[in-house]
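Here is a short briefing to read alongside the model. Please have the sequence and the structure at hand as you go through the points.

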Amino acid sequence: TYLITNAEKIYQKVHFYIPFYQRKRIKEQPSVEREYDALLFGYNRIGYSLLKSLRKLSSRSLVIDFNPETIAMLKRKKIPAVYADAESTDFLEQLHLKKVKLTISTIPSQETNLLLLEKIRERNKEAILIVLAHQIKDALELYKKGAAYVILPHLLGGEYASKILEQFGTQRSKYKENKEKHMHQLKERLREGHEGQRR
């Protein structure tokens with residue numbers, strides 16, 4: 001639990017000890033030559049659901065993720081995706097941020113999301129920025145820095161369940177229909193390697 005909660009801080013202390021070849025691999029950033037209307041930083045778990053809606057809004061959407069297996073899977077599905085580190089200012093500089101209309105980050109790091117807000121706002125004052133936080137105080141800070149919306153997963157679950165309750169009431173058929181859809185989604189997530197127990 002301690003390691004999960006403090007993963008970002010721990011990484012900053014130990015990343016110098018990562019073998020040279022791994023550090024080199026991390027620093028090698030791909031080039032992004034095309035312009036995109038929407039960017040999604042982080043695919044697994046929350047990003048999985050968001051990408052479906054994002055692709056309905058814009059056919060020019062790009063997924064940016066730090067997991068090479070995730071990128072390979074998305075490319076097999078013909079979804080534009082690139083393996084990159086969201087904290088790399090070199091990578092962020094090469095993105096066509098002036099043309100981006102919407103950016104979503106599901107990355108749990110407050111520092112990374114603040115960096116994204118800063119870099120995108122420097123070049124694009126009009127873009128809609130949606131980011132993730134796990135603490136209310138962090139969400140308020142992100143709002144102050146220019147986020148249009150902050151996702152708080154532990155609060156959203158309760159809000160969504162309450163909306164289901166309001167819509168379905170005691171209609172068993174509605175719950176059954178929703179159950180089938182939800183089970184299909186969960187099975188698809190399992191096939192993609194999502195377990196759901198961690199952030």
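Buried means under 20% relative accessible area, exposed means over 50%, and partly exposed lies in between (1.4 Å probe, protein chains only). Tyrosine 175, for instance, is partly exposed, with a relative accessible area of 33%.

This is a predicted model, in which local features need pLDDT of at least 70 and side-chain atom pairs count only at pLDDT 80 or more, while totals for chains, interfaces and linings use all residues. Residues are numbered from 1 along each chain as its sequence is written, and side-chain values use heavy atoms, with hydrogens and water left out.

**Overview and confidence**

- The protein chain has 10 helices and 6 strands; these are DSSP runs numbered from the N terminus, with helices (H or I) of at least four residues and strands (E) of at least two.
- Of the 199 residues in the protein chain, 39% are buried.
- Contact here means heavy atoms within 4.5 Å; among contacts between residues at least 6 apart in sequence, 57% join residues at least 24 apart.
- The mean pLDDT (the predictor's confidence in each residue, from 0 to 100) is 83 for the protein chain, and 82% of its residues reach 70 or more.
- Over residues 15-27 pLDDT stays under 50, and the model has 9 contacts beyond four places in sequence for them.
- Where pLDDT is low, the predicted coordinates should not be read in detail.

**Helix packing**

- Two packed helices are described by the angle between their axes and the distance between the axes. Axes are lines fitted to C-alpha atoms, for helices over the stretch in contact, and angles run from 0 to 180 degrees between N-to-C directions.
- Helix H7 (residues 110-123) packs with helix H8 (residues 136-144) at an angle of about 10°, the axes being 10 Å apart. That makes H7 roughly parallel to H8, since angles under 35 degrees count as roughly parallel, over 145 as roughly antiparallel, 65 to 115 as roughly perpendicular and the rest as oblique.
- On the H7 side, Gln110, Asn113, Leu114 and Leu117 meet Asp138, Glu141 and Leu142 of H8.
- The residues of this H7 contact with H8 divide into 3 nonpolar, 2 polar and 2 charged (Ala, Val, Leu, Ile, Met, Phe, Trp, Tyr, Cys and Pro count as nonpolar, Asp, Glu, Lys and Arg as charged, and the others, Gly among them, as polar).
- Helix H9 (residues 153-168) and helix H10 (residues 172-191) cross at roughly 140°, and their axes come within 9 Å. That makes H9 oblique to H10.
- Tyr160, Ile164, Leu165 and Phe168 of H9 make this contact with Lys174, Tyr175 and Asn178 of H10; these residues divide into 5 nonpolar, 1 polar and 1 charged.

**Aromatic pairs**

- Rings of Phe, Tyr and Trp (its six-membered ring) pair if their centres lie within 6.5 Å; planes under 30 degrees apart count as stacked, over 60 as edge-to-face and the rest as tilted. By this rule there are 3 aromatic pairs.
- Phenylalanine 66 and tyrosine 83 have ring centres 5.5 Å apart and planes at 5°, so the pair is stacked.
- Phenylalanine 168 and tyrosine 175 form an edge-to-face pair, 5.3 Å centre to centre with 85° between the planes. Phenylalanine 168 is buried at 11% relative accessibility.

**Single residues**

- Leucine 116 lies in helix H7 and is buried, with a relative accessible area of 3%.
- Beyond its neighbours within four places in sequence, leucine 116 is in contact with Phe41, Ala86, Leu92 and Ser105.
- Lysine 78, in the loop between H5 and E3, is exposed at 71% relative accessible area, and its phi is near 65°, a positive value in a residue other than glycine.
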